[in-house]
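Visitor: I'm new to this one. Can you walk me through it?
Guide: Gladly. Here it is.

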Amino acid sequence: MEKRNLLKLCLMLCLCVTQPAAGAMRYSLSGSGWKFGQARLDSRYPATVPGVVHTDLMANGIIADPYHGLNERNVQWIDKEDWVYETSFTPSDSLLRCDNIELVFEGLDTYADVFLNEEKIMAADNMFRIWRTDVRHYIKKGVNTLKVLFHSPIKIDMPKWESLPYQYRASNDQSENGGVFDRKLSVFARKAGYHYGWDWGPRLVTSGIWRDVYLDGWSDACIRNVHVRQLEVTKKKAVISNVVEIEASAEIKNAVISVKDKSSGRILTSGRHTLSKGLNKIALDFSIRNPRLWWCNGLGKPELYTFTTTVSCGDSVALSHDERVGLRSVRIVTDPDAEGHMQFYFVLNGVPVFAKGTNYIPQDNFLPSVTDERYARTLHDATAANMNMIRIWGGGIYENDVFYDLCDELGLMVWQDFMFACSMYPATGKWLENMKSEARDNIRRLRNHPSVVIWCGGNECLDAWYNWGWKGKQEKVNPEHAQEIEEQMNRQYFEALPEMMAEHDPDSFYWPSSPFSGKGKGSDGLNGDRHYYGVWQRKHPVAQYNQEKSHFFSEYGVQSFPEYSTVLRFAPDTTQHRLESDVMMWHQRGGNHANGLIAWYLENEYRKPANFREMLYLNQVFQGDAMRTAIEAHRRNMPYCMGSLLWQHDDCWPVASWSTRDYYGKWKAAHYMVRRAFENVIVSSEITSDSIHVYTVSDLVKGQSGNLSITLYSLDGNKLWERETAVTVPANTSAIVWSGNLKSILGDAERDKVVFNLHLSTKDYTHEGNFYLCRQSEIKFPKADVSYEVTPVVDGYSIALRSTNFVRALCLSVDGGDEHFDDNYFDLIPGKSKTCTVKTTLSPDEFKSKLNITTCN
């Protein structure tokens, strides 16, 4: 009798199994079958889910594109309204046969009440959480109605602001642009901070079903989660504990739970278990000899395994769940250095890694607009620039699964912030419990990704309190309130978040904030990681990057506008093509201060631009030179410095910002220059007193022999001095490989009329760089003498360029087009040819007529 019942039970388990949810039958409710409208009105319009109110209003022609011109000003009414989304659906008979039916929203933005067949079944208050509720007793055969009422985040949070005796600071909340005066409401909502505005982003406070919604049906049991814990990983052995969580409606005896390697079919571990009613957590331990390791970009292949966990009875597979993982060991070293300061660097599979990378913000203010193709392009652009790390900044979102999947595949290490940035938060009561649930959901969702190598409490919140004067200002107003805010801050970053990490991902590293130098103080530049903006905010010269030291630079950067073709997209009226015009100012969220900094740096380090287009070009060259200078300085300072993450990788709308790629994915000058500076092996120089020192920098685990060529050119094309020497490039460090007396090398040559060219070649790598002996503004570049030849190739053209004199920062562009050149913003060495390619559908005559060449000369 027991055997027959067990077989029946197994058949029932199989009945409702369709991936992706192990043991669940999934019925999607996403798509175009929705309608939406203002809650206080009767009108309803077609809507798309996932989506947000703004995109649905645009699709119905009710508002214009907020990214165009000054249109953002005209849509600030949207976040003061309540909105309703409605749909109807007819569940399948097979779904209705399941004993358990759950409604799942992967993302509700943000304050929402959910009604099924007019019954309220859920209330949501956190954009970052997964909302799941049992609807078995509400759902019916035939047509069902589903309604989501989104409450205005402004109306919900305004009373919270007004009820407090003090205010929580939020430095980038553009409340004035939103018509709510000085009321910084962003801190109360568990919602993406950048939606309320930032110094590179618009204020567009969205509402909507922003991720997928579906029904999951299951009977008797389902796999809720699998945590692949990597207890020990070396080249010889990986010790794994595969922790599976199974929810059962009743006791199940003699269930066989197995784990196999999906690609080979090899069973890694298997055993019989009794499942109790409720949630069961079972650890299945196994080891793999000589595992294929996951490496970051530049150090090796990011090998991936897929482990399949199955729950079966007899010969029937009842439940099955796949988990893709990469086997690797990650250690973050924070031991004191020789001077007693806290180090900060990553060790991957036993190899100290210099982190080369960038900071990432969400790619759009309207998050469902970001397609998988945009994710792929954005992350491939990071690895194409020789990056091995990307930091998900704390004012955005915990990214979509596709982001982490791509990072796993590309070997991009992910620095994952919790979603807190540049603000103080009411970390107490319901808000704190809500935050802990948010942390739990996202830790559990992301913990198996090999790319996620660090979790960080947030961005600049501790630094703002201790270093930006926030604490002192609050203490002057009311010391007790200051103490209360600090206690909440400590509870958030030093108690609640570490507790969630210890409970749900105890094997991963947690860092309280970025930057962080120790509890109870702001960043000091000597301990831990550092954000440096002296170049930019404090008008330090670009050369100051060569003097600044840190164990790890997790942020630094300068602004540039996007190129002309992008400006035309949001400002087609050429009368607006002035820095101080209404449209250009609206797409410069740093305001007059930022534009003043751009003008100051161009005039002091380059030249005063003759016109608008020259300003855009020189601004990009300035940004690229600054990023290259910083990166080379950081890398020359290996192994004291072991990280260089520039700010920032991308934009969320067309704007002047610190990004190296604009909103449309076009590479700025900086991205090309960063790619060269981040190559695995580079040659770089440093001037000290009257000497020149040439460094090699290598990220490789093995040393290499090579040849170094150092040439001094006059800018009009004459070779004034040359030296060739054999060098050894040490592994995974920086080293001076040649030094010389600058005065003897120069002779009678003037510093403002020469350029040094360095060329390093090894068996596997070639790197070339040019450096100057004074600021660009002091250099007398001759008129460019560029000749070129265009040759058709597959899908485009090859352009061979040559010059008899030195040409600085040559830029290729196509009038009215978005063509991407495989190299750009490069120097031309006298007499040496440079070839690059471009993909385009233009005819040869059209391409030649529209091709532009711009240089600093």
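Guide: One term to begin with: contact means heavy atoms within 4.5 Å. Helices (H or I, at least four residues) and strands (E, at least two) are DSSP runs, numbered from the N terminus. Axes are lines fitted to C-alpha atoms, for helices over the stretch in contact, and angles run from 0 to 180 degrees between N-to-C directions.

Visitor: And what kind of model is it?
Guide: This is a predicted model, where local features need pLDDT of at least 70 and side-chain atom pairs count only at pLDDT 80 or more, while totals for chains, interfaces and linings use all residues. Residues are numbered from 1 along each chain as its sequence is written, and side-chain values use heavy atoms, with hydrogens and water left out.

Visitor: Which strands does helix α15 lie across?
Guide: Helix α15, residues 612-636, lies across β42 and β45. The helix runs at about 125° to β42.

Visitor: What order do the strands of that open sheet have?
Guide: The order is β43-β42-β45, 3 strands with antiparallel pairing. Two strands pair if DSSP finds at least two bridges between them.

Visitor: Which strands stand at the edges?
Guide: β43 (826-828) and β45 (851-854) do. Each has a single partner strand, so one side of each lacks a neighbour in the sheet. Neighbouring strands here are turned by 40° against each other on average, direction ignored.

Visitor: How many bridges join β42 to β45?
Guide: There are 4 bridges, with β42 covering residues 807-814. Ser813 stands opposite Asn852 in β45.

Visitor: New topic. How many residues of helix α16 are buried?
Guide: 8 of its 9 residues, so α16 (669-677) is largely enclosed by the rest of the structure. Buried means under 20% relative accessible area, exposed over 50%, and partly exposed in between, with a 1.4 Å probe and protein chains only. The buried residues include His671, Tyr672 and Arg675.

Visitor: What covers them?
Guide: The cover includes α5 (372-384), α15, β32 (643-646) and β33 (681-688).

Visitor: How many aromatic pairs does the structure hold?
Guide: It holds 57. Rings of Phe, Tyr and Trp (its six-membered ring) pair if their centres lie within 6.5 Å; planes under 30 degrees apart count as stacked, over 60 as edge-to-face and the rest as tilted. Tyr360 and Phe403 form a tilted pair, 4.8 Å centre to centre with 55° between the planes.

Visitor: Where do Tyr360 and Phe403 lie?
Guide: Tyr360 lies in strand β25 (355-360) and Phe403 in helix α6 (401-410), so the pair ties together parts that are 43 residues apart in sequence. Tyr360 is buried, at 2% relative accessible area. Phe403 is buried too, at 0%.

Visitor: Why is the pair of Tyr545 and Tyr556 edge-to-face?
Guide: Because the planes are at 70°, with the ring centres 6.2 Å apart. Tyr545 sits in the loop between α11 (534-537) and β31 (552-556), and Tyr556 in strand β31, 11 residues apart. Tyr545 and Tyr556 are both buried.

Visitor: Which ring does the charged end of Arg26 sit over?
Guide: The ring of Tyr214, 3.7 Å from its centre. Lys147 has its charged end over the ring of Phe115, 5.0 Å from the centre. The rule: NZ of Lys or CZ of Arg is within 6 Å of the ring centre and within 35 degrees of the ring normal.

Visitor: How many residues has the largest nonpolar core?
Guide: 241 residues, and Phe105 and Leu108 have the most contacts inside it. α15 gives the most to this core, with 11 residues. A nonpolar core is a set of buried Ala, Val, Leu, Ile, Met, Phe, Trp, Tyr and Cys residues joined through side-chain atoms within 4.5 Å. A second, separate core of 21 residues includes Trp721 and Ile745.

Visitor: Last one. What do β38 and β39 form?
Guide: A hairpin, with 3 residues between them. β38 (754-762) and β39 (766-771) pair in the antiparallel sense over 6 bridges. Leu760 stands opposite His767 in β39.
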